[in-house]
Amino acid sequence: MFRGALNMVVGSGAEIGDTIVNHPATKVLSFTGSNPVGSRLYENGAKKLAKVTCEMGGKNALIVMDDADLERAVQGVIGGGFGSSGQRCTATSRVLVHIDVKSKFLDLLVAATNSLKVGNGLDPATQMGPVVDQDQLNTDISYVEIAKNEGLNLIAGGSLATSAGDGYYLQPTIFDGVKANHRLFQEEVFGPVLALSEFSTYEEAIALANGVAFGLSSAMYTRSLITAQRFTQDTHSGMVHVNEPSIGGEAQLPFGGVGITGVGDREMGEERVNFYTQIKTVFINYSLSGEQSMNR
């Protein structure tokens, strides 16, 4: 490895980030983080004509159709919504359930959610750990209060997980009755707080899934190949999953989204290599004269 090829610099965005972004030697910018910071970085990069790619927020939907394997779908929601304590840009944060299977699905989902063991991630028995810090815990709690004030139905969690001990622990939380105009439907929480909505038709489900500004990942559980194929075309997201959680990704495949989720080339895969590549087109005329040639 070349000396200085990889560096880690820790500090605030204003102190360290702006210095790096605005330095004349910086020609390429790749960012993963929040929308406000990514938008500012993209603006500053454009001023100096630097190449910029940003992977930012998500408000990912998981659709449960009326023909879905409900137990499998529940496990997808648990893993997608509460894995990593919901702190993944690809985390499931909205669950859209067909009205005909909603009652049975909720019984299974609430039972599975309430049985999760919250605690220290170093404990092998732990199924959901803490959120990253006090600020994030405060954000999660604030959205719980927002949802309550909006009149949403709290069906699981909603409080600090005091049994987990000292730390930034929140119970895995689910609100039902969430509509498209509610903040919990539209805004990224980045924590273990799920918004659950119901629908009656495929068209309604797609409209709900696409009814946010984000577009990173989406998922659907169905036994119908035709429905699954329609979904892969109709969903406005950069990554699509069928009968698996929204969180999956593979290094050889492009990673990224549409809308305010991302801008620029995708992460991972060949696209990522191309982003860091400066293409040069070279034309060489090997002929020294009309009669002589260097083609040897």
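1. Asp18 and Arg40 form a salt bridge, their closest N and O atoms lying 2.5 Å apart; the term denotes a side-chain nitrogen of Lys or Arg within 4 Å of a carboxyl oxygen of Asp or Glu. Because Asp18 lies in helix α1 and Arg40 in helix α2, the pair ties together parts that are 22 residues apart in sequence. Helices (H or I, at least four residues) and strands (E, at least two) are DSSP runs, numbered from the N terminus. Asp18 counts as buried at 18% relative accessibility, whereas Arg40, at 43%, counts as partly exposed. Here buried means under 20% relative accessible area, exposed over 50%, and partly exposed in between (1.4 Å probe, protein chains only).

2. The model is predicted: local features need pLDDT of at least 70 and side-chain atom pairs count only at pLDDT 80 or more, while totals for chains, interfaces and linings use all residues. Residues are numbered from 1 along each chain as its sequence is written, and side-chain values use heavy atoms, with hydrogens and water left out.

3. The count of salt bridges comes to seven. One of them joins Lys102 and Glu198 (2.9 Å, N to O). This pair links distant parts of the chain, with Lys102 in helix α4 (residues 102–114) and Glu198 in strand β7 (residues 193–199), 96 residues apart. Lys102 is buried at 14% relative accessibility; Glu198 is partly exposed at 33%. Lys102, Asp176 and Glu198 are linked in a network of salt bridges.

4. A further salt bridge lies within one helix. Lys148 pairs with Glu145, the closest N and O atoms being 3.8 Å apart. Both residues belong to helix α5 (residues 134–149) and stand three residues apart, about one turn of the helix.

5. The largest pocket holds about 500 Å³ of space. Of its 13 lining residues, Asn7, Met8, Val9, Ile16 and Ile20 are the closest to its centre. A pocket is, on a 1 Å grid over the protein atoms alone, an open set of points where a 1.4 Å probe fits, with protein on both sides within 12 Å along at least five of seven lines; lining residues have an atom within 4 Å of a point. The volume is the space filled by probe spheres set on the points, which are joined across faces, edges and corners.

6. The second largest pocket holds about 340 Å³. Its lining comprises 17 residues, with Gly17, Val21, Phe31, Val37 and Leu41 nearest the centre. Helix α1 (13–22), strand β1 (28–32) and helix α2 (35–47) each supply at least two lining residues.
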